[in-house]
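Here is a short report on a sheet and a set of aromatic contacts. Keep the sequence and the 3D view open while reading.

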Amino acid sequence: QVQLVESGGGLVQPGGSLRLSCTASGIIFRRHATGWYRQAAGKQRDLIASIDTDGITNYDDSVKGRFTISRDNAKNTVYLQMNSLKPEDTAVYFCNAGPSIATMRIHYWGQGTQVTVSS
């Protein structure tokens, strides 16, 4: 059984930082591309950062320069370091994994973790 378990969400003030973690089980993690999506209330779920099996990263313009995605294959974990957080970053953040960046959306998902940026 495949599981992706996120952690690290919470309430933070504007300008603050959080680090999200997502630990996978039931898959050969190093063979999977991974990504972080977010979904704000009433909006669609969007890909904001991805990292493939070679460690190549991509970011949505809305988070470029502020967020960093990384992975530790030995720990079956992908991270999202979020700095300079803004109120518009408030959303549920989801971890995703699959054989490639192009197809991972139809594969494995975590349960989501809430991030709230507010003073």
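The text below covers the sheet, then the rings, then the charges over rings.

This is a predicted model, where local features need pLDDT of at least 70, side-chain atom pairs count only at pLDDT 80 or more, and totals for chains, interfaces and linings use all residues. Residues are numbered from 1 along each chain as its sequence is written, and side-chain values use heavy atoms, without hydrogens and water.

**Sheet.** Four strands form an open sheet in the order E1-E3-E8-E7, with antiparallel pairing. Strands are DSSP runs (E, at least two residues), numbered from the N terminus; two of them pair if DSSP finds at least two bridges between them. Strand E1 (3–7) and strand E7 (67–72) are the edge strands, each pairing on one side only. E7 pairs with strand E8 (residues 77–82) over six bridges, in the antiparallel sense. Ile-69 stands opposite Leu-80 in E8.

**Rings.** Rings of Phe, Tyr and Trp (its six-membered ring) pair if their centres lie within 6.5 Å; planes under 30 degrees apart count as stacked, over 60 as edge-to-face and the rest as tilted. There are two aromatic pairs by this rule. Phe-94 and Trp-109 have ring centres 6.4 Å apart and planes at 85°, so this pair is edge-to-face. Phe-94 is buried (under 20% relative accessible area), at 8%.

**Charges over rings.** A charge sits over a ring if NZ of Lys or CZ of Arg is within 6 Å of the ring centre and within 35 degrees of the ring normal.

| Charged end | Ring | Distance from ring centre |
|---|---|---|
| Arg-45 | Trp-109 | 4.8 Å |
| Arg-71 | Phe-29 | 4.6 Å |

Terms used:
Buried < 20%, exposed > 50% of the residue type's maximum accessible area, 1.4 Å probe, protein only.
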